[in-house]
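Subject: Structure and notes on the domain contact

Hello,

Here is the structure we talked about passing on. My notes come after it.

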Amino acid sequence: MADMEAFREAVTAWAAGGPPDPARELAERLPVRTVVLLEGPSDAAAVDALAERRGRDLAGEGVCVLPMGGAMSVGRFAPLLGPTGLGLRLTGLCDEQERGFYERGWERAGAAARQKFFVCAADLEEELIRALGVRRVEELIEVEGDLRALQIFLRQPAQQGRPPLQQLRRFLGTKKGRKIHYGRVLVEALGPDDVPTPLDDLFACL
């Protein structure tokens with residue numbers, strides 16, 4: 001939905017110090033009820049892919065999926081959007097090591113006691129690799145034409161002795177755009193009962 005994209009852009013500009021009026025006007029005009037605050041575009045790609053698989057039109061349901069460009073940005077976005085700002089319901093997905101940023105952001109937004117976010121053990125990529133299994137992820141990497149790049153990566157001294165899951169997780173972050181691409185690929189390969197708990201719980205609350 002083009003209008004929801006305009007809302008995302010207006011909120012991002014507002015959080016960067018721009019004027020608040022465009023975001024406020026769009027929030028009033030659009031049926032926005034919930035904002036999903038995500039660390040980055042790879043998480044958004046995974047959320048969008050799962051929405052498609054489940055036949056959910058999140059924008060049409062009034063849900064704005066908003067990658068912030070880093071978990072530390074939640075302290076700027078949450079107060080603008082939550083109870084202390086536009087009055088929208090907040091939820092989100094973060095890594096365990098970023099939990100503190102989200103907790104403080106929720107507190108600043110006046111949402112700590114009433115609204116939930118969901119936490120991945122390390123990050124969403126690790127959750128997806130664990131859900132699919134290393135062998136299946138390697139098969140998907142081959143199908144996507146990245147097997148040679150993976151083989152070269154695995155020969156690097158820094159990768160020797162590391163667990164295969166951690167090697168794959170690191171590989172997905174070695175090239176610009178790769179995490180975004182595989183965020184969608186891995187979600188599309190999941191079985192109906194294999195969706196990682198944090199991601200599944202996020203959708204259950206939308």
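This is a predicted model: local features need pLDDT of at least 70, side-chain atom pairs count only at pLDDT 80 or more; totals for chains, interfaces and linings use all residues.

Residues are numbered from 1 along each chain as its sequence is written, and side-chain values use heavy atoms, with hydrogens and water left out.

In the contact (heavy atoms within 4.5 Å) are 20 residues of domain 1 and 15 residues of domain 2.

Together the domains bury about 1,500 Å², with 58% of it on carbon and sulfur atoms; buried area is the accessible area (1.4 Å probe) lost when two parts are put together, summed over both. Of the area that domain 1 buries against domain 2, Ser-42, Asp-123 and Pro-196 supply 34%, more than any other three residues.

The interface has two salt bridges (a side-chain nitrogen of Lys or Arg within 4 Å of a carboxyl oxygen of Asp or Glu). Arg-184 and Glu-52 form a salt bridge through their side chains, at 3.0 Å, N to O.

On the side of domain 1 that touches domain 2, α3 (41-53), β3 (89-95) and α11 (197-204) each supply at least two residues. Helices (H or I, at least four residues) and strands (E, at least two) are DSSP runs, numbered from the N terminus. The most comes from α3, with ten residues.

Regards
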